[in-house]
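Hi,

Have a look at it first, and then read on.

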Amino acid sequence: MRFALDAGQREFARSLDAMLTAADTLAVTRAWGAGDHAPGRAVWQRLADAGVFALAVPQEYEGLGPLPAETAVAFVELGRHAVAGPAVETVAVAALLSRLAALGETAPAERFLPALASGGTSATLTLPDGGPYAVDPHVADIVLAVDEAGLRLAPGHARVRRSLDPARRLAAPLPGGEPLAKGPSVTEAARHATRWAALATAAQSLGVGLALLDRTVAHVRQRTQFGAPIGSFQAVKHRLADVLVALEFARPLVFGAALTMAPGDVAAAKVATADAAYGAARAALQLHGAIGYTAEFDLSLWLTRARVLRSAYGGPGLWRGRVVTAWE
C-alpha cells in the first residue's frame, strides 16, 4: 500500500510551511516560553484561519472533518517549526467532544466545538493514560478533565510547573467544576481522544525529527576539521543516514495510522516517530558539538521538544505494549 500525499495535501503542507516561516515561529516560541503569549496567540489564529483546528471538528459543528490525514499533515509542519501552545490538546478535546456527540451526548459539542474550530477557543485536557498534568492550562481557554467520575470542566488549575521544554508548562486541573458527561460514553470518547492525541503527537515528532536532520546536515556541510567538512567523514554520513532511514520508516506509519485510526496502527506510529525523533535529537546534539548544548542556540527548541513528545500521552513502553496487544 502506498501512503503518498495527494496534490491538495502537499499544497496544504507548503502553505503552512510558508506561513509559519514568515511568522518567525522560533522567536514566537521563545517568547511563549518567557511568558509573552501574544505572538503565539497571533500564530494560533493564523493556524485556525488555515483550518488546522477545524480538521478535527465535524461539519455539523462548523468544522471540516473529521480529517485525520490532513491533521497529520498539519502537525508535521507544526513540529518542523517548533510551534508552541496546546495544539495537540485542542485537537484531542475536539475528538473527545465529537465522539461524545456521536454517542448521544451532544450538549458539550454544541457548546464548545464551533469556537474550537474557528480558533476563538483553545483547550487542554487530562486523559486517563496521559498523566495528571494538563499542557499549558494557564493559557488555554477551557480545561477539561476525564477521571473516574466522568468528564468535567475544571474550575482552574494548580501551580504551574516547568517542563524540560521551556515553551511547555504543566499543571494539574483543580478538583470539582462543572460535570459535562459521565458513564461508558465518556470512557469510549476518552479512548478516541487518546488516539487523536497520539496521532497528532506522532506527526509532530516526525516534523521535529525532520527539522533536526535538516539543520544537522546544513551544519556538517559547513563545519570543518582537518581541512574538510565533517559531513564528508564516513562516520558522520553513516550516523545521519541512520537518522534519515528511521524518519522515512516512521513517515508511512503516521499516514497509514491516519487512514485507519486503528489502535495498533496509531500505537506503531507513536513508537516509531518517538524513537526516530529522539535518535535525530541525539545525533544533532553530538554532531553540533559544544554549541548543541546551549539553550541560546535554536537547535535546543527541537531537542527539548523531541524529548517531551516521546513521553507525551504515555511513554514508549506503554505504546509498545499496545502494538503487541493490538496484533496478538
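The chain splits into domain 1 (7-188) and domain 2 (196-326), with bounds that come from an automatic or database domain assignment. Please keep in mind that this is a predicted model, in which local features need pLDDT of at least 70 and side-chain atom pairs count only at pLDDT 80 or more, while totals for chains, interfaces and linings use all residues. Residues are numbered from 1 along each chain as its sequence is written, and side-chain values use heavy atoms, with hydrogens and water left out.

Taken over C-alpha atoms, the centres of the two domains are 23 Å apart. Domain 1 brings 34 residues to the contact and domain 2 brings 35 residues, where contact means heavy atoms within 4.5 Å.

The area buried between them is about 2700 Å², and carbon and sulfur atoms give 68% of it. Buried area here is the accessible area (1.4 Å probe) that two parts lose on being put together, summed over both. On the domain 1 side, Leu-26, Arg-30 and Arg-80 lose the most area to domain 2, together 21% of what that side buries.

Helix H2 (25-33), helix H4 (68-80) and helix H5 (87-102) are the elements that give two or more residues to the side of domain 1 that touches domain 2, and H4 gives the most, with 9 residues. Helices are DSSP runs (H or I, at least four residues), numbered from the N terminus.

**The nonpolar core**

The largest nonpolar core has 106 residues, and Leu-47, Leu-96, Leu-97, Leu-144, Leu-151 and Leu-212 touch the most other members. Such a core is a set of buried Ala, Val, Leu, Ile, Met, Phe, Trp, Tyr and Cys residues joined through side-chain atoms within 4.5 Å. Helix H7 (residues 184-222) gives the most to this core, with 18 residues.

Leaving aside neighbours within four places in sequence, Leu-47 is in contact with Leu-16, Met-19, Leu-20, Val-52, Phe-53, Leu-78 and Val-83. Of these, Leu-16 lies in helix H1 (residues 7-22). Leu-16 counts as buried because its relative accessibility is 1%, and buried means under 20% relative accessible area (1.4 Å probe, protein chains only).

Best wishes

Definitions and conventions. Buried means under 20% relative accessible area, exposed over 50%, partly exposed in between (1.4 Å probe, protein chains only).
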